[in-house]
Amino acid sequence: MSSWLNQHLQTLKLVLNRMRNNLFSTLMIGLVIGVAMCLPSLFYLAVDNLSKLTDHMQKDTEISLFLKIDANADAIQQIERQLSENKAIERFHLVTKEEAWQQLQAKSRSNQDINEAVSQLGKNPLPDAFFIQAKSADPESLMQLKDTLQSLPNVELALLNTEWVKRLSSLLNLGKKLISIIAGLLAIVLLVIIGNTVRMQILTQKDEIEVSSLIGATRSFIRMPFLYAGALYGLLGGLMAVMMLIGIIQAFNLSISQIAHLYSNDFSLSLFNGQLFLAVILAAISIGWVGSYIAVSRAIARYKIN
C-alpha cells in the first residue's frame, strides 16, 4: 500500500514540476478551461436567479376573488375559513364592498369624468372581494388554485393574469435547454483542447515512453502522469472559473442593487453558490481526465505498448 501511494505521490510531484517549468502555457490552458466553464455557469446563474426573482414578484400572481352581489356575512365567513385551510395560499385579505366603494370615490375626486360617472351610479355596484397571494408562481399551480376558488359557493369570478407567468416559464425552460446544449458543446471543445495538449506532451516524451515500455512499464504506469496532468489542468481551470464567477457576480450585484432599490426590492445574486462552484470544479477535472485518457490511449495503441 505504501509503495502504491509513494508511486502516485512521485508521479504527482513530477507532473507539478513539469507544469511549473511551463508555467505560462499551463496558465493559458487553465484560462481557456476557466472561460469555457464560466460561460454555461453564467447562463445557469441567470436562469436560476431569474426563477428566484419571480418569488420577489409574487404580487403579480395575485388572484382576485369576486363574490356575488348578494353574498351575506355568513357566506363571506365560510369562504374565509376555506381560504385559511387551503395550503396553496400564502395569504389573503378581504376588501368589503363598502371599502371598495370608498376607495373608488376617493380616487374619482381627482378626475372629473370618473367623478361624474360614479355620481350617476347612485348606489354601490361593487362586490365583496378577496385578494389572494399564492405560494407558488408556477402557471399550472396557479390555474389549479384559480379553478378551485372559482368552484367555491357564492363566488362570481376568480380572476388571474397568468400570461406573464406562462411567458416567463417558457423562457426559463428554453434557457435550461440552451444551457445544456452550450455546456455539451463547450465540453467537447475542452476535450479536444486538453486532448491535443496532452498529445503534444506525449510527442515530446515519446522516447521516454518507448524506453519505459521496453523495460516493462505497464499501460497504467505510462498513463498515470498524463492523467494527473489532465486532471490538474481541469482543477486549475475550474478554480479560475470560480474566481471569474465570483468577480462577475460581485460586479453585477453593484448594478442590480441600485435597480432593486428603485423598486423597493432587496434582490441580489448570491455571491457564494457552493453547489455550483463544486459542480464546475468537478466537471472541469472530469473533462480534463477524460481528454487525457483518450489522448494517451490513442498514443499507446499507436506505439503498440502492451
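Helices (H or I, at least four residues) and strands (E, at least two) are DSSP runs, numbered from the N terminus. This is a predicted model, in which local features need pLDDT of at least 70 and side-chain atom pairs count only at pLDDT 80 or more, while totals for chains, interfaces and linings use all residues. Residues are numbered from 1 along each chain as its sequence is written, and side-chain values use heavy atoms, leaving out hydrogens and water.

Q: Which pattern does the protein chain follow, read along the sequence?
A: Let's start with the overall layout. The protein chain has 10 helices and 4 strands. Read along the sequence, their order is α-α-β-α-β-α-α-β-α-β-α-α-α-α.

Q: What share of the residues in the protein chain is buried?
A: Buried means under 20% relative accessible area, exposed over 50%, and partly exposed in between (1.4 Å probe, protein chains only). The protein chain has 306 residues, and the buried share of them is 37%.

Q: Of the contacts in the protein chain between residues at least 6 apart in sequence, what share joins residues at least 24 apart?
A: A contact means heavy atoms within 4.5 Å. Among the contacts between residues at least 6 apart in sequence, the share joining residues at least 24 apart is 84%.

Q: How far apart in space are Val-32 and Ile-194, C-alpha to C-alpha?
A: Val-32 is also a helix H2 residue, and with 38% relative accessibility it is partly exposed. Beyond residues up to four places away in sequence, Val-32 touches Leu-190 and Ile-193. Val-32 and Ile-194 are 162 residues apart in sequence, yet their C-alpha distance is 10.0 Å.

Q: Is Ser-64 buried or exposed?
A: Ser-64 lies in strand E1 (residues 62–67). Not counting residues up to four places away in sequence, Ser-64 touches Phe-130, Phe-131, Leu-157, Ala-158 and Leu-159. Its relative accessibility is 12%, so Ser-64 counts as buried.

Q: Which residues does Lys-146 contact, leaving aside neighbours within four places in sequence?
A: Lys-146 belongs to helix H6 and is buried, because its relative accessible area is 18%. Its C-alpha atom is 10.0 Å from that of Ile-132, which is 14 residues away along the chain. Leaving aside neighbours within four places, the contacts of Lys-146 are Ile-63, Ala-158 and Leu-160.

Q: Near what value is phi of Asn-154?
A: Most residues other than glycine have a negative phi. Asn-154 is found in the loop between helix H6 (139–150) and strand E4 (155–159), and is partly exposed with a relative accessible area of 27%. Its phi is positive, near 70 degrees.
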